[in-house]
Amino acid sequence: MSDYISLLTELRIAYAVRSPQSAAWNERAQRVLVDGGSHTLRLIQPFPPRIAAAHGAWVTDEDGHAILDFWQGHLANILGHNPDIVTAALSSALAEGGGLQTGFTERYQVEAAELLCARTGAERVRFTTSGTLATMYAILLARAFTGRNVVLKVGGGWHGAQPWALKGVGFHREEGYQHIETAGLPSALGEGVVVTRFNDPQMLHDHFRQYGDRLACFIVEPFMGAGGFMPATGDYLRAARDLTAYYGAVLIFDEVIAGFRFRAGDTGALYGIRPDLATFGKIIGGGMPVAAVAGRADILNLASRSGRVKFSGGTYSGHPASMLAAKVMLRYLVEHEADIYPRLVVLGDRIRHILEDAFIAEGIYARCTGWGNEALPGSSVFMVHFPYREDQPLNAPDDVFDPRVCDVALNGDVLQLALLLEDVHMTHGHGAASTAHTDTDMVFLETACRKVARRLREARG
Ligand code: PMP
């Protein structure tokens, strides 16, 4: 494993020199905000570019740099930043005296729910404001429905910062994925969450044999997001469906990243598998804070007035402007499905090739995840890895986040900062194309990647 300390110092100095305005804003931010902000992934070191405007594939920072962006609002902006269809709808709603919270309810929410149910096979949906809350409520529903306590999740799976999801997210050399990620949890919670391995049907069988009659639910992403951008195999999801049905546990597909990313609907359908509950977020909000729990009416109705699950409330849940954005976005994706998704697959493939080729040309072995499989036709998302062995399988989080397997320091801060100096942004080697990314943008990316790869090769000597 290489040591990038002197390269990182060099990159940080060059970055600070070119971004005095962002540096000044960061100084102010540090005085009043924890670490200068509210979301760790946005707080790039030594300081983040402070964004002044964003449109399509590009953002502009306070220092006037135009940056080609593949982070796209935490991967939510499938049509690029501030797409006209959403901003126009919001502008006219605001001009007509609507949009902000009223504390009543309006028609947008009904239209968004109708679209979501029609495109995912869900019988009922309830909206909330973040993917974190959606997965928390889905687990509350599952625990109440089954009368059981234990939650089974996948090592490396990120479902937001809520109590049952804060175990086994980051890879730890000694413990693998058994780590409790936060202080402050009730002490019993550690035993209430069992962590299994992604794409390992044998281990899943073993975990169900061991904990089956105590399991409330198995929560899993059909396409793993932050855990490495890997599709589940069909065998794995079929095992998940069969085992949850056999043992009477609720199957939750967390589609906060996957939903409406591969088609204008849920991803489970591409595998021919319907979960009991699914969670959605990101894309469905069209850039506004919208998330949803969708699925079986008999489970979701536990949140009804006569039910026992307190999945209600939320001053800003079902917010009018958010619901309008959701409705407009969902309708657009449904109407343009045949154009949007094949285009995203082409762009995703192209980006993965650009990244791999740029590094391999400099003698740095690189492989991307984000490719499709037998169920998924391909994807807009990518994550570049630097495995030490060329035959390394990349099917589960520990294949890509174990520092003994991949050079995880290289696709972290080093790559992010080196690319930013070339006016390209991705987060720790991962990102997504949007429909706003053009062929010219791909050429821009290629030039940047080649320069960065050369710089890294020279630094490694
Ligand atoms: N589930 C998954 C799969 C996610 O990727 C995320 C966020 N990246 C969440 C849940 C949490 O969503 P949010 O950030 O909207 O709370």
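This is a predicted model: local features need pLDDT of at least 70, side-chain atom pairs count only at pLDDT 80 or more; totals for chains, interfaces and linings use all residues.
The protein chain contains 15 helices and 16 strands.

**Overall form**

- A compact globule of 461 residues would have a radius of gyration near 23 Å, and the value of 22 Å for the protein chain agrees with this.
- The C-alpha trace of the protein chain spans about 65 × 60 × 45 Å along its principal axes.
- Of the 461 residues in the protein chain, 56% are buried.
- Among contacts between residues at least 6 apart in sequence, 71% join residues that are at least 24 apart.

**Salt bridges**

- The count of salt bridges in the model comes to 24.
- One of them joins aspartate 413 and arginine 12, whose closest N and O atoms are 3.9 Å apart. This pair links distant parts of the chain, since aspartate 413 belongs to helix α14 (residues 410-420) and arginine 12 to helix α1 (residues 5-18), 401 residues apart.
- Both partners of that pair are partly exposed: aspartate 413 has a relative accessible area of 33%, and arginine 12 has a relative accessibility of 29%.
- Arginine 119 and glutamate 337 also meet through their side chains in a salt bridge, at 2.9 Å from N to O. Arginine 119 is in helix α5 (residues 107-120) and glutamate 337 is in helix α12 (residues 337-361), so the pair ties together parts that are 218 residues apart in sequence.
- Arginine 119 is partly exposed, with a relative accessible area of 22%; glutamate 337 is likewise partly exposed, with a value of 22%.
- A further salt bridge connects glutamate 362 with arginine 457, and the closest N and O atoms are 2.8 Å apart. Glutamate 362 lies in the loop between α12 and β13 (367-369) and arginine 457 lies in helix α15 (residues 439-460), so this pair ties together parts that are 95 residues apart in sequence.
- Glutamate 362 has a relative accessible area of 16% and is therefore buried, the limit being under 20%.

**Pocket and cavity**

- The most comes from β4, which gives 3 residues.
- By residue type, the lining of the second largest pocket divides into 6 nonpolar, 12 polar and 1 charged.
- The structure holds 1 cavity of 30 Å³ or more, and about 30 Å³ of space lies in the largest cavity.
- The residues that line the largest cavity are Arg261, Phe262, Tyr341, Leu344, Val345, Gly378, Ser379 and Ser380. They divide into 4 nonpolar, 3 polar and 1 charged.

**Backbone geometry**

- Most residues other than glycine have a negative phi, and most peptide bonds are trans.
- The peptide bond between glutamine 45 and proline 46 is cis, with omega at about 5 degrees. Proline 46 is placed in the loop between α2 (20-32) and β1 (51-55).
- Histidine 74 has a positive phi, near 60 degrees, although this residue is not glycine. The residue is found in helix α3 (residues 72-75).
- Histidine 74 is buried, because its relative accessible area of 14% is under the 20% limit.
- Asparagine 82 also has a positive phi, near 45 degrees.
- At 41% relative accessibility, asparagine 82 counts as partly exposed, because this value lies between the limits of 20% and 50%.

Key: Residues are numbered from 1 along each chain as its sequence is written. Side-chain values use heavy atoms; hydrogens and water are left out. Helices (H or I, at least four residues) and strands (E, at least two) are DSSP runs, numbered from the N terminus. Ala, Val, Leu, Ile, Met, Phe, Trp, Tyr, Cys and Pro count as nonpolar, Asp, Glu, Lys and Arg as charged, and the others, Gly among them, as polar. On a 1 Å grid over the protein atoms alone, a cavity is a set of points where a 1.4 Å probe fits but cannot get out, and a pocket is an open set with protein on both sides within 12 Å along at least five of seven lines; lining residues have an atom within 4 Å of a point. Grid points are joined across faces, edges and corners, and a volume is the space filled by probe spheres set on the points. A salt bridge is a side-chain nitrogen of Lys or Arg within 4 Å of a carboxyl oxygen of Asp or Glu. Buried means under 20% relative accessible area, exposed over 50%, partly exposed in between (1.4 Å probe, protein chains only). The radius of gyration is taken over C-alpha atoms; the globule rule is 2.2 Å times the number of residues to the power 0.38. Contact means heavy atoms within 4.5 Å.
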